[in-house]
Amino acid sequence: MTSPEIASLSWGQMKVKGSNTTYKDCKVWPGGSRTWDWRETGTEHSPGVQPADVKEVVEKGVQTLVIGRGMSEALKVGVALTLNCNSLPLTDWAFV
């Protein structure tokens, strides 16, 4: 099973194929998607994406992890997340 495709992306709006929801930020995994609520893990632009942010999608079977840093690349990626990704059962990962 593959993750749903991103159908469209513009500032503050993301649509995922197979979902009627328009997301501001979202998590996508094989068979599903949901809103990515930064408040769940205390994520802010700085220090950035937290290891806990990726835990859910890895547990749902993601093998290739892509984390978007936003339209102006303001969302940071910390050393803790990089080290965490190296230890996860991922085929590949990237921050774009």
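1. Leucine 81 first. In this predicted model, leucine 81 is in contact with Val49, Gln50, Pro51, Val54, Ile67 and Phe95, leaving aside its neighbours within four places in sequence.

2. The largest nonpolar core has 14 residues. Leu81 is among those that touch the most other members, together with Val49, Val62, Leu65 and Ile67. Two or more residues each come from helix H1 (51-59), strand S6 (64-67) and helix H2 (79-87). H1 gives the most, with three residues. As background, nonpolar side chains tend to be buried together in soluble globular proteins.

3. Now the sheet. Three strands form an open sheet in the order S1-S2-S3, and the pairing is antiparallel. Strand S1 (6-10) and strand S3 (22-23) stand at the edges. Each has a single partner strand, so one side of each is left without a neighbour in the sheet.

4. S1 and strand S2 (residues 13-16) run antiparallel and are joined by four bridges. Leucine 9 has methionine 14, in S2, as its bridge partner.

5. Leu9 also belongs to a nonpolar patch on the surface, with Ile6, Trp11 and Met71. Together these residues have about 480 Å² of accessible area.

6. Where is methionine 71 found? Methionine 71 sits in the loop between S6 and H2. Its relative accessibility is 48%, so methionine 71 counts as partly exposed; the class for exposed begins over 50%.

Note on methods. Residues are numbered from 1 along each chain as its sequence is written. This is a predicted model: local features need pLDDT of at least 70, side-chain atom pairs count only at pLDDT 80 or more; totals for chains, interfaces and linings use all residues. Side-chain values use heavy atoms; hydrogens and water are left out. A nonpolar core is a set of buried Ala, Val, Leu, Ile, Met, Phe, Trp, Tyr and Cys residues joined through side-chain atoms within 4.5 Å. Buried means under 20% relative accessible area, exposed over 50%, partly exposed in between (1.4 Å probe, protein chains only). Contact means heavy atoms within 4.5 Å. Two strands pair if DSSP finds at least two bridges between them. Patches are made of residues with over 30% relative accessible area and no salt bridge: like charges are joined within 9 Å, nonpolar side chains (Val, Leu, Ile, Met, Phe, Trp, Tyr) within 5 Å. Accessible areas come from the Shrake-Rupley method with a 1.4 Å probe; for residues, only the protein chains shown count as cover. A salt bridge is a side-chain nitrogen of Lys or Arg within 4 Å of a carboxyl oxygen of Asp or Glu.
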